[in-house]
Amino acid sequence: MSVSPPSPSRRGAIDPFFVMEVMKAAAAREAAGGDVIHMEVGQPSTAAPRKAIEAATAAAQREPLGYTLALGIPELRAAISGHYRNYYGLDVPAERIVVTTGSSAGFQLAFLSAFDAGDTVALGEPAYPAYRNILKALDLNPAMIVTEPETRFQPTPQLINAQAPQAKGVLVASPANPTGTMLGEPEMKALVDDCKAKGRWLIVDEIYHGITYNGRAQSVLALTDQAIVINSFSKYFSMTGWRLGWMVVPESLLRPIECLTQNFYISAPGISQVAGVAAMSAYDELEENVARYAKNREILLNELPQAGFDRLAPADGAFYIYADISRFTNDANDFCKRMLAETGIAATPGFDFDRGRGHYFMRYSFAGSTERMIEAAKRLKDWRK
């Protein structure tokens, strides 16, 4: 009697990250000798801070760099606490800081420690697709809150309570991916107060803090000590491949997260943690990166409308411009394929971020060099003539 092979679990039946398909197409064009301007990838094109590289190199030559404490080495937790004091003027105890294997692990730990299988978590749409997919993989229910330009593509208590009154938690990002929009203090306080009144967890993605263009972002921790904050060394600190992030969590979640970390990851990479300590004293170099992003943003906000892309999200922070392209197409995937083939510019179709309306949107990343952004603007204007 033949026996059928075992089947994969339902947890793995989640959507792929479609931007990776754009990256593959761009790589194929480059392999064939074609030129590509990369505006699809949401990562800095700059290296890690010099101090971080030097610290990691010295540590690799000095010690074996084995496992660390699950919550992170004390030096890094203290340095992150100091970052909140220096950058925000906030007193965040090192004891409430959890070092993670990138922000991705932080989201997994947050979801697992705060929610039970079947719980509903509300998040605005458009949104970073991994939020939705991680929730689904953990047998949680992502309630996608349809947002509009009038709320800067950010969810509000009114929208959440109308569209997902059963939600046990709310996830917001400020600055957000893909839109770059931010929540002001009144809007964030409204979410804090509503979550408190409804008994909901509030999770705030702050990984693009530091990369803002109209003043510094303020952490939700200025308003409450009951939010779960996720941050990372990948964006402002320019350390994407080092897979290092952190969380600030209420005391009630510390022990559950510690146990989850011990069993899932043991610890974040030791060498990356050493580098992270040094990165916390590299503000001058990091601010130079932000100045370049600001220049790139200015160029594109001025030049894209001249190419017909004149319906743009505000781009308060991060390094993205989210464009409504409904005047050109109702198929952003096809539009991006043609743009790559005809101009050599790789950008991300909106379907990754918004399953309902993403066919009419696309995301440009301006994390590359200023010279490449100038060239991209020229090609787009020539293309749309």
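Modeller: Buried means under 20% relative accessible area, exposed over 50%, and partly exposed in between (1.4 Å probe, protein chains only). This is a predicted model, in which local features need pLDDT of at least 70 and side-chain atom pairs count only at pLDDT 80 or more, while totals for chains, interfaces and linings use all residues. Residues are numbered from 1 along each chain as its sequence is written, and side-chain values use heavy atoms, with hydrogens and water left out.

Biologist: How many salt bridges does the structure hold?

Modeller: Side chains of opposite charge can pair when their charged atoms come close. A salt bridge is a side-chain nitrogen of Lys or Arg within 4 Å of a carboxyl oxygen of Asp or Glu. The structure holds 21 salt bridges. One of them joins the side chains of Glu258 and Arg255 (3.0 Å, N to O).

Biologist: How many residues apart are Glu258 and Arg255 in helix α8?

Modeller: Helices (H or I, at least four residues) are DSSP runs, numbered from the N terminus. Glu258 and Arg255 lie 3 residues apart in helix α8 (residues 251-264), so about one helical turn separates them. Glu258 is partly exposed, at 22% relative accessible area.

Biologist: Which side chain meets Asp382 in a salt bridge?

Modeller: That of Lys378 does, at 3.3 Å, N to O.

Conventions
Helices (H or I, at least four residues) and strands (E, at least two) are DSSP runs, numbered from the N terminus.
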